[in-house]
Amino acid sequence: MRAVVVTEYGGPDVLRQVEVDEPHAGKGQVRIRVHAATVNPADVLLRVGDVDDALRASPLSPPYRPGMEIAGIADEIGPDARTALRVGDRVMAIVIPIDESGGGYAEYVVVDADQVTAAPAGSSHAEAATLPMNGLTARRALDVLGLAPGDTLAVTGAAGAVGGYVVQLAKADGLRVIADAAPADELLVADLGADEIVTRGTSVGQRIRERHPAGVAAVVDAALQGDEVTSALRDGGQIAIVRRPGERGTSTLHPERGIEIRDVWVPEYTHATDKLDALRVLAERGAVTMRVARTFPASDAAAAHRTLESGGVRGRLVLTFD
């Protein structure tokens with residue numbers, strides 16, 4: 001089968017399309033004939049070697065394969081797989097590249113049955129692939145904050161893939177959302193459902209605080225603005241930060257203000273089938289939007305990575321294995 005792998009760490013051109021042996025579904029597993037795999041910042045971290053320690057501790061051996069979310073067709077279902085899926089169903093799945101499955105950049109990927117659910121009705125493979133990892137990251141961010149309906153949430157990076165899902169899921173949860181955006185992205189962020197929009201960048205926290213003098217209850221910092229946005233928080237507020245593999249931060253920012261950091265680690269939802277399927281339902285209702293920025297054939301994975309690293313991508317870049 002075709003797979004895109006990293007044989008040595010480096011720039012986009014280290015990505016190679018190669019032929020490798022096909023995996024097969026074992027006990028409790030599903031094999032997916034992959035038609036689409038997204039390109040995410042986490043894939044770049046793997047490519048440049050930032051997760052080498054985790055890979056060396058994994059059951060895998062080089063070459064390593066990036067990719068954290070896929071969509072395609074269920075084509076093998078192993079014995080004792082606890083799933084309502086059937087061979088031939090259109091599906092989507094979250095994939096963890098340091099697990100035995102390897103990453104999603106491959107023609108066939110085998111995962112545990114609880115990592116897979118049906119693709120949203122009416123979606124393309126490329127659209128469905130944008131939902132599992134990015135959507136579960138947004139869901140995890142909101143879950144660790146545990147806000148009540150009516151609370152006000154600030155979101156940085158709201159025009160991006162994760163930030164956009166945070167805005168839409170927060171609205172579905174009954175929260176009030178104030179989000180950042182560049183002038184060119186204001187219409188997009190408004191369409192995602194943000195109640196208020198401030199200009200992104202330096203001093204974004206101060207601009208939010210001007211709108212909310214008492215401070216907001218929490219921030220999901222998808223743009224990793226850090227201290228630039230803590231001024232938006234009320235004393236005792238929370239900030240959710242998406243952590244890189246192996247990264248650990250302090251639990252408190254500005255102890256005198258009691259601001260709590262909530263780490264967002266999406267592998268904690270790898271097997272949360274209920275969460276993944278709830279995203280499918282929201283997508284079918286139009287409450288979350290599956291945004292494909294551009295597709296590339298898998299053989300052009302290097303070009304997709306270069307495009308991602310050039311910045312300004314709205315939605316997700318997707319590799320296709322057709």
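**Basis of the model**

Contact here means heavy atoms within 4.5 Å. The model is predicted, so local features need pLDDT of at least 70 and side-chain atom pairs count only at pLDDT 80 or more, while totals for chains, interfaces and linings use all residues. Residues are numbered from 1 along each chain as its sequence is written, and side-chain values use heavy atoms, with hydrogens and water left out.

**Gln115**

Gln115 lies in the loop between β6 (108–112) and β7 (116–118); strands are DSSP runs of E, at least two residues, and helices runs of H or I, at least four, numbered from the N terminus. Its relative accessibility is 5%, and Gln115 therefore counts as buried (under 20% relative accessible area, with exposed over 50% and partly exposed in between; 1.4 Å probe, protein chains only).

Leaving aside residues up to four places away in sequence, Gln115 touches Met92, Ala93, Ile94, Val95, Thr270, His271 and Leu276. A polar atom of the Gln115 side chain is 2.9 Å from the backbone oxygen of Ile94.

**Helices α4 and α9**

Leu276 also belongs to the α9 side of a helix pair: Pro132, Gly135, Leu136, Arg139 and Asp143 in α4 meet Lys275, Leu276 and Leu279 in α9. Helix α4 (residues 132–145) and helix α9 (residues 273–285) pack at an angle of about 110°, with their axes 10 Å apart.

**Asp151**

Asp151 is located in the loop between α4 and β8 (152–156). At 22% relative accessibility, Asp151 counts as partly exposed. A polar atom of the Asp151 side chain lies 2.9 Å from the backbone nitrogen of Ala148. Asp151 touches Leu175, Arg176 and Ala217, not counting residues up to four places away in sequence.

How values were computed
Axes are lines fitted to C-alpha atoms, for helices over the stretch in contact, and angles run from 0 to 180 degrees between N-to-C directions. A polar contact is a pair of N or O atoms within 3.5 Å; within protein, one must be able to donate a hydrogen and the other to accept it, and residues adjacent in sequence count only if both atoms are side-chain atoms.
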